[in-house]
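Subject: Handing over a structure

Dear colleague,

I am passing a structure on to you, together with the notes I made while going through it.

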Amino acid sequence: MTALDARLSAEIDARRDDLIRLTRDLIRIPTLNPPGNHYRTICDFLDTRLSNAGFRTEQIRAAGTPGDSENHPRWNIVARRDGAAAGDCVHFNSHTDVVAVGEGWTTDPFGAECDGDRIYGRGSCDMKGGLATSIVAAEAFLAVCPEFHGAIEISGTADEETGGYGGVAYLAEQGRFDPDRVQHVIIPEPLNKDRICLGHRGVWWAEIETRGRIAHGSMPFLGDSAIRHMGAVLEEIETYLYPLLATKRTDMPVVPPGARQSTMNINAIHGGEPEQAPGFTGFPAACVADRCTITIDRRFLIEEDLRQVKTEIATMLERIASRRPGFAYEIRDLWEVTPTMTGKDAPVVRTVAAAIERVLARAPDYVVSPGTYDQKHIDRIGRLKNCIAYGPGILDLAHQPDEWIGVQDMVDSAKVMALTLADLLAPGP
Ligand SMILES: [Zn+2]
């Protein structure tokens, strides 16, 4: 550690109680998404905090994006503080939304209860703890290096949990992540304090529908069951597709290792009569199903091409059609995201890695996320490649009951972030 490292580290230690308080205050704002509650409240809260720290703040509503309405406006905040001279801009981006509470809690999900080293609550780990950590890291750096060069930006954005269209995607479309404006992006998602997340696998969601012909259920031979046709599809997925996907391995360091290959989940299946509303007590009618659909969630690798991924499914369905009389189907695209992976030699990766080595006295692990997060928009829309996810918290706790964040992990991560700022923005001797 250098003398500057030691001063930054002491400054973070002195702010430990403040970091705890800030994390708890953020957890207590129940920004549930869907539907997107209290986005304005949390932006106002961050606005006050960051304005007091000398940041210029802007609140931006992603008007017209999915879910945006007068009742649930998609508010985002971007705060910027310019240094004493020109230089790079380091941007910390955190999402402010949290997922549904779900069952099984033994603590109040929005109570932010403290128990020893842990702070509990929905969003504590994913990712209000990371947001608080980046704010305290920036404030500590500003206290130690007021004459820094370049700029620091901190954003709190909406809707990451539902695709990020009312958050980072919107800001990227407005040019806020253009490489001439922002040079380094750190997303403090809960990847553990000693790991750098370089990117994520790709996604293709689609719906496959099989068609049949309706008839009376007592004479099924007069109809053609779409559910039986779908059975043939499921059989082909089991016997042909899953073994094939298992052979497609990646060099991406995806964690957990089970995701270091192509995968596909069948999210949903529906066939025949529509499901009735809960509480309906009548009988179903006797009908042969004329439609059956499944929703597939195919995760693909940087070594794969999306067209080839789609062709694989289409070829499989054509093969069934060639041997199964009456087999008719349709594939509908729902969503797609290309894989992204920042190189280990990118400036932000090298700088954070060096800071981890100084703070934690060990080399970082490099990982890739099995699922996507907002880096996709920064890469594709913003065209900015120098982006990683790095932040405190245990990834497996995200979206779980009794989610928590460790205070010491946040303190250590804040030191890594402050040292990173110093390496990228501190003026030379
Ligand atoms: Zn998250």
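Predicted model: local features only at pLDDT ≥ 70, side-chain atom pairs only at ≥ 80, totals over all residues.

In helix α4, where Met 127 is found, the peptide bond from Asp 126 to Met 127 is cis, with omega near -5°. A cis peptide bond also joins Val 255 and Pro 256, with omega about -5°, and Pro 256 is found in the loop between α6 (226–246) and β10. Ala 112, although not a glycine, has a positive phi of about 55°; this residue is found in the loop between β3 (85–95) and β4, and it counts as buried because it has 23 C-beta neighbours inside 10 Å. Asp 402, which is not a glycine either, has a positive phi of about 55° and has its place in the loop between β15 (387–389) and β16. With 16 other C-beta atoms within 10 Å, however, Asp 402 is partly exposed.

Turning to the chain as a whole, there are ten helices and 16 strands. The radius of gyration is 25 Å, close to the 22 Å that the globule rule gives for 429 residues, so the chain is as compact as a globular protein of that length. Along the principal axes, the C-alpha atoms fill a box of roughly 85 × 45 × 40 Å, and buried residues account for 43% of the 429 residues.

The domain assignment divides the chain into domain 1 (3–200 + 339–425) and domain 2 (203–337), and the C-alpha centres of the two lie 37 Å apart. Where they meet, eight residues of domain 1 are in contact with eleven residues of domain 2. Strand β14, residues 365–369, gives the most to the domain 1 side of this contact, with three residues, and the residues on that side divide into six nonpolar, one polar and one charged.

There is also an open sheet of four strands, ordered β10-β11-β9-β12 and paired antiparallel. Here β10 and β12 (328–337) stand at the edges, each with a single partner strand, so that one side of each is left without a neighbour in the sheet, and the twist from one strand to the next averages 15°. Strand β9, residues 202–211, is joined to strand β11, residues 291–300, by ten bridges, and Ile 208 has Ile 294 of β11 as its bridge partner. Strand β10, residues 263–271, pairs with β11 over eight bridges; among the residues that face each other, Met 264 stands opposite Arg 298 and Ala 268 opposite Thr 295.

Finally, I looked at Val 309, whose place is in helix α7, residues 306–323. Leaving aside residues up to four places away in sequence, Val 309 touches Trp 204, Arg 298, Phe 300 and Glu 304. Val 309 is buried, because 21 other C-beta atoms lie within 10 Å. Val 309 and Thr 210 are 99 residues apart in sequence, and the C-alpha to C-alpha separation of this pair is 20 Å.

With kind regards

Definitions and conventions: Residues numbered from 1 in each chain as written. Helix = DSSP H or I, 4+ residues; strand = E, 2+ residues; numbered from the N terminus. Buried ≥ 20, exposed ≤ 12 C-beta atoms within 10 Å, placed from the backbone. Contact = placed C-beta atoms within 7 Å. Domains from an automatic or database assignment. Nonpolar A, V, L, I, M, F, W, Y, C, P; charged D, E, K, R; others polar. Rg over C-alpha atoms; globule rule 2.2 N^0.38 Å. Pairing = 2+ DSSP bridges. Axes fitted to C-alpha atoms, helices over the stretch in contact; angles between N-to-C directions.
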